[in-house]
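This briefing concerns the structure shown below.

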Amino acid sequence: MLLACLPVPPDSSTHVESAMSLQISTLISHRERPLCSDRSLRAVARVGQAVNLAVERFVTVGETIADDNPEIKQDMYEACKEARLAGEYISDTTLRIKLIIINQLFDK
């Protein structure tokens with residue numbers, strides 16, 4: 001199994017994105033027959049979208065908690081902002097992975 005770390009985007013400004021870029025990998029199995037059906041490519045993109053949606057729901061709850069607790073409001077909003085960025089990064093990364101796989105298929 002190939003685990004290729006993705007580069008940190010040039011506009012990355014938070015440590016969360018930096019850590020995410022080191023942890024997110026393509027998870028593509030190297031076999032004689034690559035796993036690259038249209039169905040699996042769509043699944044890759046859907047995983048990122050599902051993670052992003054789950055993060056958005058989590059952040060909504062976090063922001064509600066922040067609104068109800070003024071003593072932690074600022075820290076909680078900052079954490080929610082970082083979580084939202086991480087969710088968007090995951091979604092964008094899975095879409096890029098899909099495009100990379102498609103490009104590799106056409107290059108062969």
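How many residues does helix 3 have, and what span does helix 3 reach from its first C-alpha to its last? Helix 3 has 35 residues and reaches 51 Å, close to the 51 Å expected at 1.5 Å a residue, where the expected span is 1.5 Å times one less than the number of residues. This is a predicted model, in which local features need pLDDT of at least 70, side-chain atom pairs count only at pLDDT 80 or more, and totals for chains, interfaces and linings use all residues. Residues are numbered from 1 along each chain as its sequence is written, and side-chain values use heavy atoms, with hydrogens and water left out.

**Helix packing**
- The axes of helix 2 (residues 38–68) and helix 3 come within 9 Å and cross at roughly 175°, which makes the two helices roughly antiparallel (an angle over 145 degrees).
- By class, the contact of helix 2 with helix 3 has 18 nonpolar, 7 polar and 8 charged residues.

**Ser 91**
- Ser 91 is found in helix 3 (residues 73–107) and is buried, with a relative accessible area of 9% (buried means under 20% relative accessible area, with a 1.4 Å probe and protein chains only).
- Leaving aside residues up to four places away in sequence, Ser 91 touches Gly 48, Gln 49 and Asn 52 (contact means heavy atoms within 4.5 Å).
- Other buried residues in helix 3 include Cys 80, Tyr 89 and Ile 101.

**Confidence**
- The mean pLDDT (the predictor's confidence in each residue, from 0 to 100) of the protein chain is 76, and 66% of its residues reach 70 or more.
- Over residues 1–10 the pLDDT is below 50, although beyond near neighbours in sequence this stretch has 27 contacts in the model.

Technical notes. Helix = DSSP H or I, 4+ residues; strand = E, 2+ residues; numbered from the N terminus. Buried < 20%, exposed > 50% of the residue type's maximum accessible area, 1.4 Å probe, protein only. Axes fitted to C-alpha atoms, helices over the stretch in contact; angles between N-to-C directions. Parallel < 35°, antiparallel > 145°, perpendicular 65-115°, else oblique. Nonpolar A, V, L, I, M, F, W, Y, C, P; charged D, E, K, R; others polar.
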